[in-house]
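I opened the notebook to look up the annotated sites, the strands around them and the ligand shell. My notes follow.

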Amino acid sequence: MNPRDRLIFALDVDNADEAEDLVRLLAPEVGVFKVGLELFVAAGPSVVERVRRAGARAIFLDLKLHDIPATMRAAARAAAGLGVDLITCHADQAGIFADMDLGGAKLLGVTVLTSLGSQELKAMGYPPELQDPQALVLRRASLALAAGCAGVVCSGLEAAAVRKVLGLQAFIVCPGIRPASGEVHDQKRVMTPERAIAAGASHIVVGRPIRTADDPPAAARAMAAGIAEGLAQRPPA
Ligand SMILES: O=c1ccn([C@@H]2O[C@H](COP(=O)(O)O)[C@@H](O)[C@H]2O)c(=O)[nH]1
C-alpha cells in the first residue's frame with residue numbers, strides 16, 4: 001500500500017463546489033476523502049457522487065450514527081447505498097448492525113472522540129475507571145470487534161493498545177493528527193502522523209492542517225512522508 005493510501009483527508013467545508021475543488025487539488029496526494037456531517041448536511045447525499053466524479057478513489061462517509069436501532073439500521077442501509085467505502089457508527093452501538101449486509105461498505109466504530117480528554121469524560125459522568133480515555137477506548141473497541149466491525153476510530157495515543165486487541169488486519173483510523181508544532185484546535189488527544197502510524201494506526205485522518213495550509217498539496221505530501229517514516233519505524237511483523 002502506498003503511504004498516500006493511508007491518508008484520509010477530511011472535506012470539512014459547507015458546499016459541494018469547494019469540496020470538488022479540494023478533491024481535484026488533492027487527489028494525487030490523498031488516498032481517501034472523508035465526507036463528514038458538515039458537508040453531508042449542507043450539500044446533501046448527492047455530494048458523495050460529486051466527490052467521486054471529482055477524482056476520489058475511496059470515500060469515507062463519517063456520519064457517526066447513533067440513534068434507536070430502527071433508525072440506525074435504515075440510515076446505514078441508505079449510507080451503504082451511496083456506494084461509499086467506509087461508514088461510521090458509535091462503537092457501543094455497533095451490535096445493531098451485526099447481521100446486516102452493508103454491501104461494499106466497511107463499518108468502523110468510533111470509540112471516544114479525539115476532542116475528549118479525561119476531564120470531559122469525568123464531567124460526562126463516567127465512573128473513575130473509565131475516565132482514562134484509553135480504558136473507554138479499549139472497552140468500546142472490544143464491542144466493535146464483537147459486532148463484526150472492520151475496525152475502529154480512536155486517537156493515535158491508543159493505537160498500540162487497540163492494535164493488540166483487534167489484531168493485525170483491523171482498520172485503526174486515527175484523527176487528531178497534528179505536525180509536531182502544529183495548532184491543536186478543538187482536539188484533545190493528538191499525535192504526529194509518524195507516531196500514530198508507528199504505533200499501529202492503519203490510516204490517519206487530517207483536515208485543518210492540510211486545508212488551511214498555504215500549500216495544501218505540499219502539506220498532504222508532508223503527511224504522507226510522515227506515514228512512510230512511521231511505517232519504517234514499525235517492528236517487523
Ligand atoms: O474522534 C474523532 C472522530 C472523527 N473526527 C473527524 O476527523 C476530522 C479531523 O479534522 P481536523 O481538522 O484534522 O481536526 C474531522 O472531520 C472530525 O469530524 C475527529 O476529529 N475525531
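I count two strands as paired if DSSP finds at least two bridges between them. Helices (H or I, at least four residues) and strands (E, at least two) are DSSP runs, numbered from the N terminus.

**Ground rules.** I am working on a predicted model, where local features need pLDDT of at least 70, side-chain atom pairs count only at pLDDT 80 or more, and totals for chains, interfaces and linings use all residues. Residues are numbered from 1 along each chain as its sequence is written.

**Strand E3.** I looked up the partners of E3 on both sides. Strand E2 (residues 32-36) runs parallel to E3, and 4 bridges join them. Phe-33 has Ile-59 of E3 as its bridge partner. Strand E4 (residues 86-90) also runs parallel to E3, through 3 bridges. There, Phe-60 stands opposite Leu-86 of E4.

I then checked the crossover. E3, H4 and E4 form a right-handed β-α-β unit; right-handed means that, with the strands pointing away from the viewer, the path from the first strand over the helix to the second runs clockwise.

Next came burial. I call a residue buried if 20 or more other C-beta atoms lie within 10 Å of its own, exposed if 12 or fewer, and partly exposed in between, with C-beta atoms placed from the backbone. In E3, 5 of the 7 residues are buried, so the strand is mostly covered.

**Annotated sites.** Which residues does UniProt list for "active site"? The unreviewed entry gives Asp-62, Lys-64 and Asp-67. Such annotations may be inferred rather than shown by experiment.

I placed Lys-64 in strand E3 (residues 59-65). Lys-64 is partly exposed, because 17 other C-beta atoms lie within 10 Å. Beyond its neighbours within four places in sequence, Lys-64 is in contact (C-beta atoms, placed from the backbone, within 7 Å) with Thr-88, Cys-89, His-90 and Val-110.

I found Asp-67 in the loop between E3 and helix H4 (69-81). Asp-67 is partly exposed too, because 14 other C-beta atoms lie within 10 Å.

**Ligand shell.** The shell has 16 residues, and the closest are Ala-10, Thr-114, Pro-175, Gly-207 and Arg-208. Strand E8 (203-206) and helix H9 (208-211) each supply at least two shell residues.

UniProt's unreviewed entry lists residues 6-223 for "domain: Orotidine 5'-phosphate decarboxylase". I find the end C-alpha atoms of that span 10 Å apart, with 39% helix and 17% strand.

Technical notes
A residue is near a molecule or strand if its C-beta atom, placed from the backbone, lies within 6 Å of it. Two residues are in contact if their C-beta atoms, placed from the backbone, lie within 7 Å.
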